[in-house]
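Here's a quick briefing to read with the structure open beside you. Have a look at the model, then work through the points below.

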2 protein chains.
Amino acid sequence: MAVYTEVSDEAVAEFLSEYELGGIVAFRGIAEGVENSNYALKTTTGDYILTLYERRVAPEDLPWFLELMEHLAERAIPCPRPVPGRDGASLRRLAGRHAAITTFLPGVWPRRVRLVHCAPLGEALAMLHLAGREYAPERSNALGPAAWPKLLAASSPGGDAVRTGLIGELRTALARILAAWPTGLPRGHIHADLFPDNVFFLEGKISGLIDFYFAATDLYAYDIAVCLNAWCFETDFSCNVTKSRALLRAYDAVRPLSAAEWAALPVLCQGAAMRFLLTRLYDWLNTPDGALVTRKDPIEYLRRLYFHLEARDEHAYGL
Amino acid sequence: MAVYTEVSDEAVAEFLSEYELGGIVAFRGIAEGVENSNYALKTTTGDYILTLYERRVAPEDLPWFLELMEHLAERAIPCPRPVPGRDGASLRRLAGRHAAITTFLPGVWPRRVRLVHCAPLGEALAMLHLAGREYAPERSNALGPAAWPKLLAASSPGGDAVRTGLIGELRTALARILAAWPTGLPRGHIHADLFPDNVFFLEGKISGLIDFYFAATDLYAYDIAVCLNAWCFETDFSCNVTKSRALLRAYDAVRPLSAAEWAALPVLCQGAAMRFLLTRLYDWLNTPDGALVTRKDPIEYLRRLYFHLEARDEHAYGL
């Protein structure tokens, strides 16, 4: 559920008066999303999204995210475009939070990933990477490899209660991943969280890429590895290599992968599985009973990690 | 949070193909509401609401609710109007649930009730009561006075842990309420749950009355009593008699209250406070830890009940 901060009707009306968006028509909380509070805002000029940034997003990063979205939208990437107020500022304050209005994107996110989704996704990801090249400011990946040992340490007390021997197993795997972590691969701005609920489809085409609040400057191929984890595993945790092949080929057709990137795919996929495993494990252990958020099972990513640890090269992913 | 049942994109597309509503443009879960799963559905012909009925709504009651909404909408009450499929049926099945599409209503519900909301609310409630008169089928109020002793008994084990002596106090109050419960007052179809989050305002006027899934055939003045509880108390649980006077006078101007209805206001308000106290208490004791629903504090209605038990006549409400 994604409304943590309730905004009064008067406060919204006053906030909206700072924009040239017409009068308010409707204002409803959106159930999707877990990090921020999102509202569907309809005005006399159309549909918009109002986001209130909650504590997990560092306020100093917000201009970087919003300007990246603006940069990408100008280059025809279908991402939310920040809407400035009359004074030209997109980032404002509402109900004690940083807040921004962005454009509304049509489409429906795939609750169940099918093969037809994977090639459009790969293509869109490559186009996203290319479109971000001239955006100069960088943001280091706060949830990248350097953060994983600390995340694992934070979950070590209590982690074995989730699964016997889990923490030791993760320590071994993490040491192996970090020792093999590639250097020198092409890097730039990545989405870093392009799960199915962040991708809208309309009539078989991608109509929206949303939720850029984990975006960072990191290895492009790591972004592919995140998508392989998120889009190409079945509910029994088997890797669907038809899906991964479609995703990889479509990506490669837009931004050809180097030999070093192909070779690094298994360890990048291990790392991506580790990243989601560690944050889910942390949340699993630290979400209070009665919280509004549904905890996601970390073990789903342990199952994926096993697959990637067995992968010898890119052929494991259907190539 | 109000998405308990996830609907796949393919299932929605197939469901929509049974309607003459055009193609799907967007489909997002709505955060508001606690009983059913609600989705904002945008198609090439406009905005709609898709509701999946969850376990608290008895399937056999659904035609009564939907036909009441249709009846009221035909008489210019701004309530959601069921949209029939090509075969003429509004009530269908989706994702293992009963489901219906209704029209989208503009407006924003007041997060903080102000005096300006109360007269329009009273007027709209009276118009709702008058508009329902020719709707012949009846539905007994499953959460009316006859249900309260059972509800109290269901919360008796554990209830005193919420507040020392609570169950004994409620037993005494309930006996007094039931002994004084009026007979012979005007009755008809009532909303029975017209809280601020079920009422949309647009430019100072009421633009939507929603969520008819507690509607029933019962005393009209009991519906007023529900509204007095829900709209006219401040956060310190004091009754704002300026608000209650505005609500009552506006109602009375549309459907004049009889002397017997005026006289019964205190006990009806006691009963309405008891009804929400008892269901909140039951939910408080029976909502599992980690559930998606925020539990509402039952004691807020005990504070209101105290006020109503002290009320000698309608003058306590500002008349």
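W284(A) sits in helix α8 of chain A, a helix that covers residues 259-286. Keep in mind that this is a predicted model. Below, we look at the surroundings of this tryptophan, then at a pair of helices, then at the confidence scores.

**Around W284(A)**
- W284(A) counts as partly exposed because 18 other C-beta atoms lie within 10 Å, while a buried residue would need 20 or more.
- If you skip the neighbours within four places in sequence, W284(A) touches V162(A), R295(A) and P298(A).
- T45(A) is 239 residues away from W284(A) along the chain, and the C-alpha atoms of the two are 42 Å apart.

**How α3(A) packs on α6(A)**
- Helix α3 (residues 115-131) and helix α6 (residues 220-231), both in chain A, pack at about 155 degrees, with 11 Å between their axes.
- That angle is over 145 degrees, so α3(A) runs roughly antiparallel to α6(A).
- On the α3(A) side, the contact uses C118(A), L121(A), L125(A) and H129(A); facing them from α6(A) are Y220(A), D223(A), I224(A), C227(A) and W231(A).
- Sorted by class, the contact between α3(A) and α6(A) has seven nonpolar residues, one polar and one charged.

- The average pLDDT for chain A is 94, and 97% of the residues score at least 70.
- For the complex, the predictor reports an ipTM of 0.83 and a pTM of 0.88.

Methods
Residues numbered from 1 in each chain as written. Chains lettered and ligands numbered in written order. Predicted model: local features only at pLDDT ≥ 70, side-chain atom pairs only at ≥ 80, totals over all residues. Helix = DSSP H or I, 4+ residues; strand = E, 2+ residues; numbered from the N terminus. Buried ≥ 20, exposed ≤ 12 C-beta atoms within 10 Å, placed from the backbone. Contact = placed C-beta atoms within 7 Å. Axes fitted to C-alpha atoms, helices over the stretch in contact; angles between N-to-C directions. Parallel < 35°, antiparallel > 145°, perpendicular 65-115°, else oblique. Nonpolar A, V, L, I, M, F, W, Y, C, P; charged D, E, K, R; others polar. pLDDT = per-residue confidence, 0-100.
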